[in-house]
Amino acid sequence: MLLTSLNPLAINRGDDVPDAVRIGETTLSRSDILGAATSVAERVSRAERVAVLATPSATTILAVVGCLIAGVVVVPVPPDSGRAEREHILRDSGAQAWLGETDGDTGGLPVVPVRLHARSWHSYQEPAESSTAFVLYTSGTTGPPKGVLLSRGAIAAGIDALAEAWGWTMRDTVVHGLPLFHVHGLILGVLGPLRTGSRLVHTVRPTPDAYAAAAGTLYFGVPTVWSRIAADEESARALSGARLLVSGSAPLPVSVFERLRELTGHAPIERYGMSETMLTLSTRIDGERRPGWVGLPVRGVQTRLRDEDGNDVPHDGESIGGLQVRGPMLFDGYLNRPDATAQSWTDDGWFVTGDVAVIDESGFHRIVGRASTDLIKSGGFRIGAGEVEESLLGHPSVREVAVVGLPDDDLGQRVVAFVVGEKIVEADLSEHVAAELSVHKRPREIRVVESLPRNAMGKVQKKNLM
Ligand code: MLC
Ligand code: AMP
């Protein structure tokens, strides 16, 4: 039974569940979560927006649920974020307090503690569906990350559509170990189980061993996680008792799909999404699962393909076009960025994903790639070439730089920086990006070159570097 409320504990299970959430060494019952999160709500309810250090911990979950109960906007801060990125997130979001765990750098904000053993049973009125629940920071092709405004109604619609596509119910146990500052790990992976009433086992790190040991029914992973599991026969075989293995956030290589099917007996479910749209396409529990394809629009979603001149592209399984989507789980725009918000919508109300796709006659979708080479997906993380280039240009030994994503067996793409400069120490440049932006955005490879390939206008020809 799914209620329309986004209070994630609003589902009427009719019973308490002693192991509703297991994360690391901590186990929380549903009543623990409700009591402790309501106590968070009481302490935080006077703020409008708060920052939460999104470590994979019970504290993060209670902080987020407490804010949802009180109607306070959550700004998840990646725990590996560096100086410049964190400063940007805190300034741009207007966060007024820092809720829960800290790591020493709270940007001067007052700290509101989260207490695991505090309890309150105060009852809060459900905020409007249109109100913002999260500002999630995500990279664009250039400049610092943009804050994606996700409403309560969008999140509820997004989770409910997936519950329908996957037959996801309170009988499930969801297992994953993904970071809690993106749509995949946080919205789908934490709010999903709470809203559907299923159990959650968060393994802290998404390792094959931890997934194998968790005995769940519904497993979530990015392709890097699935490819590491497919390479570890024993762990993969341990998943054969699951109900569904779900992959998303980046393309799942066909070879990994096939190997998983061989070892686990399950053809993985593939689904496609974005921070801005949540999950809009998926294969279904009762439908075809075709390697390399991400399936059909979920409930309430419509899609179309457009060519560069805005003309319709036929759904013939071959013609390639820019993917546009609309549906109830879409975001409300980028915070403080009316220009970027306007640019991402067509005049007739469709969101331009920036992905290039094919649709066949049966409505099945295949994601072919990104329209721009300047958005990189590495290990399922979205990384803007522009932000990494800007950061590297701030290093004294770098004169010119071009950043690209090159194919990588483990990460899908790896960040590679082509650098012109003096006295370059490669490890220093990676460390510089890790310390300024975040660890997961650091270049995995630095190639020192004499010059960058440029066209007659002086623009770098990245295609020649790939
Ligand atoms: C390396 N390390 C450093 C460092 N360099 N630490 C500090 N400073 C430096 N300069 C350390 C790290 O801290 C870590 O340490 C270790 O090196 C490994 O780093 P890594 O190589 O980056 O991690 P790895 O294990 O390879 O990560 C793979 C991964 C990860 C799959 C686990 O990429 C991941 O979690 N991806 C998920 C991304 C995701 O959730 N995307 C969803 C986006 S939402 P230590 O000690 O900690 O090991 C979306 C919508 C949708 O896309 O459709 O879902
Ligand atoms: P993010 O904003 O981090 O959620 O990244 C969104 C992007 O991830 C999309 O625009 C796609 O490029 C990519 N993506 C997500 N899911 C898939 C998938 N199943 N297959 C291919 N690409 C995907």
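**Aromatic pairs**

I began with the aromatic rings of this predicted model and found ten aromatic pairs in the structure. I counted rings of Phe, Tyr and Trp (its six-membered ring) as paired if their centres lie within 6.5 Å, with planes under 30 degrees apart taken as stacked, over 60 as edge-to-face and the rest as tilted. I then looked up Phe331 and Trp345, which form a stacked pair with 5.9 Å centre to centre and 15 degrees between the planes. Phe331 lies in the loop between strand E17 (321-326) and helix H10 (338-343), and Trp345 in the loop between H10 and strand E18 (351-359), so this pair ties together parts that are 14 residues apart in sequence. I took helices (H or I, at least four residues) and strands (E, at least two) as DSSP runs, numbered from the N terminus.

**Basis of the entries**

I number residues from 1 along each chain as its sequence is written, and chains are lettered from A and ligands numbered from 1 in the order in which they are written. Local features need pLDDT of at least 70 and side-chain atom pairs count only at pLDDT 80 or more, while totals for chains, interfaces and linings use all residues; side-chain values use heavy atoms, with hydrogens and water left out.

**Backbone angles**

I noted that most residues other than glycine have a negative phi. Asn336, not a glycine, has a positive phi of about 60 degrees, and I placed Asn336 in the loop between E17 and H10. Lys423 also has a positive phi, near 50 degrees; Lys423 sits in the loop between strand E23 (412-421) and helix H12 (426-436).

**Domain 1 against domain 3**

I recorded domain 1 (13-151), domain 2 (195-370) and domain 3 (375-465), with bounds from an automatic or database domain assignment. The C-alpha centres of domain 1 and domain 3 lie 32 Å apart. Their contact (heavy atoms within 4.5 Å) takes 13 residues from domain 1 and 16 residues from domain 3.

I then read the buried area, the accessible area (1.4 Å probe) that two parts lose on being put together, summed over both. Domain 1 and domain 3 bury about 1,100 Å² between them, with 37% of it on carbon and sulfur atoms. Asp80, Glu85 and Ser139 supply 45% of the area that domain 1 buries against domain 3, more than any other three residues.

**Salt bridges**

I counted a salt bridge where a side-chain nitrogen of Lys or Arg is within 4 Å of a carboxyl oxygen of Asp or Glu. The structure holds 32 salt bridges, and two cross the interface of domain 1 and domain 3. What does Arg83 bridge to? Arg83 forms a salt bridge with Glu436, the closest N and O atoms being 2.9 Å apart, and another with Glu87 at 3.5 Å. Arg83 and Glu87 both lie in helix H3, four residues apart, about one turn of the helix.
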